[in-house]
Amino acid sequence: MKSNPLLLFISLILCQLVLSQDIDYIETYKQFTKGDTVFAWAPKTKLYKSANQKSKVIAEIPPNVSFIVDTIKENNNEYKLEHPAFYPVLLNGKRVYVLSEQLAEFRLSVSKSSVMFFRKELGSDENSNPQYRMQIRLCRAGEIVSETSIHLRQHLLSVELLDSKGLTEVDRLIFIHFHAQACGEEGGTTILMLKNDLINEIAQTINISDAGVFGFKTNLIFPTDENGIPEKVIYTSELHTLYDEETEWETITTARRVHEWTGTQIFPDIENYPEW
């Protein structure tokens, strides 16, 4: 297969430019650094006098209290997936210590009275293999109302809160966008539904591109989207392979399928991967 070096170079640059857009990213591959805002998300978050569980507990606070991280390092670009056991934080100007497992990376306001918290954790997949997951909790008035977890496909993500997009029996949709940090890595979106305070995953989309010579992407069209159909979710996909740039030899395979919305799930299930 022949490839144009200039095309490959431009494609690699484009893979990096996507990260420079004006998006509020959540970076779960870094430890918290000085000045970061983090959030109490445990039922009762303990504030310790020192970084030791045997030290004095100054207070116990409910979810949704925010802290400013007070570590020594002001800059941290190291790729460290694991947090230390404790973080020093400032609360009303006073330094206290909190277990890292009781702190969330991100908070999303769902309504005037409800907030949603997002926190990375090391869990396991359906085959009990180690897998990083995003733990999600819905809280109201200092109480945890519901929670779920999803596969953390990338360690750089953003969250979008939307209306029901025309799906019946749904209060809100939450789109969690996973941003690939290099060509060839899998990006895409995990879609959650919020109904009567319950959080459930309903679908995923995928976006993979490798230096312009290969690409696979899927999309979902909801009832209120352009070309949407009431009570339907339309799945589309495009598989692109470039064999020779000089002679413009490429193949583009598209697929489309109309799925039913049952009020609780998309039927049949979305199948994202093509026959390679």
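Student: Does Phe175 count as buried or exposed, and at what relative accessibility?

Tutor: Buried means under 20% relative accessible area, exposed means over 50%, and partly exposed lies in between, with a 1.4 Å probe and protein chains only. Phe175 has 11% relative accessibility, so Phe175 counts as buried. Before going on: this is a predicted model, in which local features need pLDDT of at least 70 and side-chain atom pairs count only at pLDDT 80 or more, while totals for chains, interfaces and linings use all residues. Residues are numbered from 1 along each chain as its sequence is written, and side-chain values use heavy atoms, with hydrogens and water left out.

Student: How many aromatic pairs are there, and how is a pair classed?

Tutor: Rings of Phe, Tyr and Trp (its six-membered ring) pair if their centres lie within 6.5 Å; planes under 30 degrees apart are stacked, over 60 edge-to-face, and the rest tilted. The count by this rule is 6 aromatic pairs. For Phe32 and Tyr87 the ring centres are 4.9 Å apart and the planes stand at 45 degrees, so this pair is tilted. Phe32 is in the loop between strand 1 (26–27) and strand 2 (37–40), whereas Tyr87 is in strand 6 (residues 86–91), 55 residues apart, so the pair links distant parts of the chain. Strands (E, at least two residues) and helices (H or I, at least four) are DSSP runs, numbered from the N terminus. Phe32 and Tyr87 are both buried.

Student: Which residue forms an aromatic pair with Phe175?

Tutor: Phe222 does, in a tilted pair with 6.1 Å centre to centre and 50 degrees between the planes. Distant parts of the chain are linked here as well: Phe175 is in strand 14 (residues 172–178) and Phe222 in the loop between strand 17 (214–221) and strand 18 (232–244), 47 residues apart. Phe222 is buried, its relative accessible area being 1%.

Student: What is the strand order in the open sheet of 4 strands?

Tutor: Two strands pair if DSSP finds at least two bridges between them. The order is 9-10-11-12, with antiparallel pairing. Strand 9 (106–109) and strand 12 are the edge strands, each pairing on one side only. Strand 11 (residues 130–140) is joined to strand 12 (residues 143–151) by 8 bridges. These two form a hairpin with 2 residues between them, and Ala141 in the turn has a positive phi of about 50 degrees. Opposite Glu147 in strand 12 stands Arg137, and Met134 stands opposite Ile150.

Student: Over which ring does Arg137 lie?

Tutor: A charge sits over a ring if NZ of Lys or CZ of Arg is within 6 Å of the ring centre and within 35 degrees of the ring normal. Arg137 lies over the face of Trp41, 3.9 Å from the ring centre.

Student: Which element gives the largest share of the lining of the largest pocket?

Tutor: On a 1 Å grid over the protein atoms alone, a pocket is an open set of points where a 1.4 Å probe fits, with protein on both sides within 12 Å along at least five of seven lines; lining residues have an atom within 4 Å of a point. Strand 16 gives the largest share, 5 residues. The largest pocket holds about 470 Å³ of space. It is lined by 26 residues, and those closest to its centre are Phe178, Ala180, Gly187, Gly188 and Asn207.

Student: Which residue is the bridge partner of Asn207 in strand 17?

Tutor: Lys217 is that partner. Strand 16 and strand 17 pair in the antiparallel sense over 4 bridges.

Methods. Points joined across faces, edges and corners; volume = space filled by probe spheres on them.
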